[in-house]
Amino acid sequence: MNSKIIVDLRRSYFQIPQPLNQQIFDLTLNLQSHAFLRNAACQNIYLYLTNYVKAFSEYWFKKSLSNLMILDWGCGKGHISYLMQEIGAEITSCDVDGADDSSFAQNTPIIEKASINVIPLEHPYILPFNDASFDIVLSFGVLEHVPNDFESLQEIHRILKSSGLIFCFFLPYHLSWTQRLAHLRGDFYHDRLYSKKMVKKLLKQSKFELIDIWHRQLLPKNSISYSNYRTFEFIDQWITEYTPLKYTATNIEFVACKR
């Protein structure tokens with residue numbers, strides 16, 4: 001495993017300009033709960049992350065994305081499943097049955113338009129899939145919300161094939177200035193924050209091998225618009241990659257494989 005190639009691949013794909021998805025704008029036009037997807041700076045993040053998943057997975061498996069079994073774990077509004085389908089993935093989507101922000105407790109126009117079948121999860125961490133069912137599991141802002149993160153990672157390990165991948169994005173960082181500010185305001189949407197040491201310990205305990213880990217997003221983008229959002233994103237990424245300010249970034253993210 002060439003770590004330089006892996007890091008260079010991430011850096012380069014995070015910077016490749018992607019056209020915004022007009023259908024997402026149209027489908028979510030009148031929904032405040034989906035407003036972040038209409039913010040170009042925010043939608044851009046999902047576009048480059050999903051394209052990074054495609055590039056990394058095809059590098060790792062030496063197969064086309066369409067030939068890989070992928071699970072969108074905790075698919076929520078369905079935008080990740082939809083964007084993955086748009087770039088050629090055959091994807092399985094699932095979400096907890098009962099939570100306020102799950103696919104089953106909110107308006108889901110993207111899921112309906114794309115005819116995405118969401119499999120309900122009825123246990124805090126046990127997944128209704130056979131051993132070694134998937135090549136890839138995606139966690140876009142999910143791991144920090146589950147009641148049992150270690151047990152959930154063990155289950156993901158079980159359903160992954162040998163050398164299968166887990167991509168974990170939007171994991172809230174314990175030194176993040178935005179997370180701390182939210183807590184001071186009484187917003188505990190992310191009540192569990194993570195350090196790199198915690199992530200490495202969790203992965204080791206659940207028998208994953210860490211491939212790459214990084215800081216991302218110093219400044220908020222869900223509700224703040226930036227006129228030249230791609231330039232702003234480039235600057236933000238540079239700061240969180242090469243300066244000490246990365247230690248106050250919003251997220252840490254990683255990719256790991258089943259040992």
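In this predicted model, serine 115 is exposed, with a relative accessible area of 63%. Serine 115 lies in the loop that links α5 (109–113) to β3. The backbone here is worth a look: phi of serine 115 is near 55°, a positive value in a residue other than glycine. With a relative accessible area of 63%, lysine 62 is exposed. A further positive phi, near 65°, is found at lysine 207, which follows α8.

Turning to the sheet, seven strands are arranged in the order β3-β2-β1-β4-β5-β7-β6, forming an open sheet with mixed pairing. The edges are taken by β3 (118–121) and β6; each has a single partner strand, so one side of each is left without a neighbour in the sheet. On average, and with direction ignored, neighbouring strands of this sheet are turned by 20° against each other.

Seven of the seven residues of β4 are buried, so the strand is largely enclosed by the rest of the structure. One of its partners is strand β1 (residues 69–73), which runs parallel to β4 and is joined to it by three bridges. In this part of the sheet, isoleucine 70 stands opposite isoleucine 136 of β4. β4 also pairs with β5, again in the parallel sense, over six bridges. Here phenylalanine 140 has phenylalanine 169 of β5 as its bridge partner.

Helix α8 (residues 196–205) shows a clear division between its faces. Its buried residues are Val199, Leu202 and Leu203. These residues cover an arc of only 95° around the axis, which puts them on the same side of α8. On the face turned away from the buried side, α8 carries the exposed residues Lys197, Lys201 and Lys204. The packing partners of the buried residues include both helix and strand elements, namely α6 (149–159), β5 (160–172), β6 (208–216) and β7 (251–258).

The axes of helix α1 (residues 3–15) and helix α9 (residues 229–242) come within 10 Å and cross at roughly 160°. With angles over 145° counted as roughly antiparallel, α1 and α9 are therefore roughly antiparallel to each other. From α1, the contact draws on Arg10, Arg11, Phe14 and Gln15, while α9 contributes Glu233, Phe234, Gln237, Glu241 and Tyr242.

Glutamine 18 is located in the loop between α1 and α2 (22–27). This residue is buried, with a relative accessible area of 14%. Leaving aside neighbours within four places in sequence, glutamine 18 is in contact with Leu47, Tyr48, Asn51 and Arg230.

Conventions. Residues numbered from 1 in each chain as written. Predicted model: local features only at pLDDT ≥ 70, side-chain atom pairs only at ≥ 80, totals over all residues. Heavy atoms only, no water. Buried < 20%, exposed > 50% of the residue type's maximum accessible area, 1.4 Å probe, protein only. Helix = DSSP H or I, 4+ residues; strand = E, 2+ residues; numbered from the N terminus. Arc of directions from axis to C-beta. Contact = heavy atoms within 4.5 Å. Axes fitted to C-alpha atoms, helices over the stretch in contact; angles between N-to-C directions. Parallel < 35°, antiparallel > 145°, perpendicular 65-115°, else oblique. Pairing = 2+ DSSP bridges.
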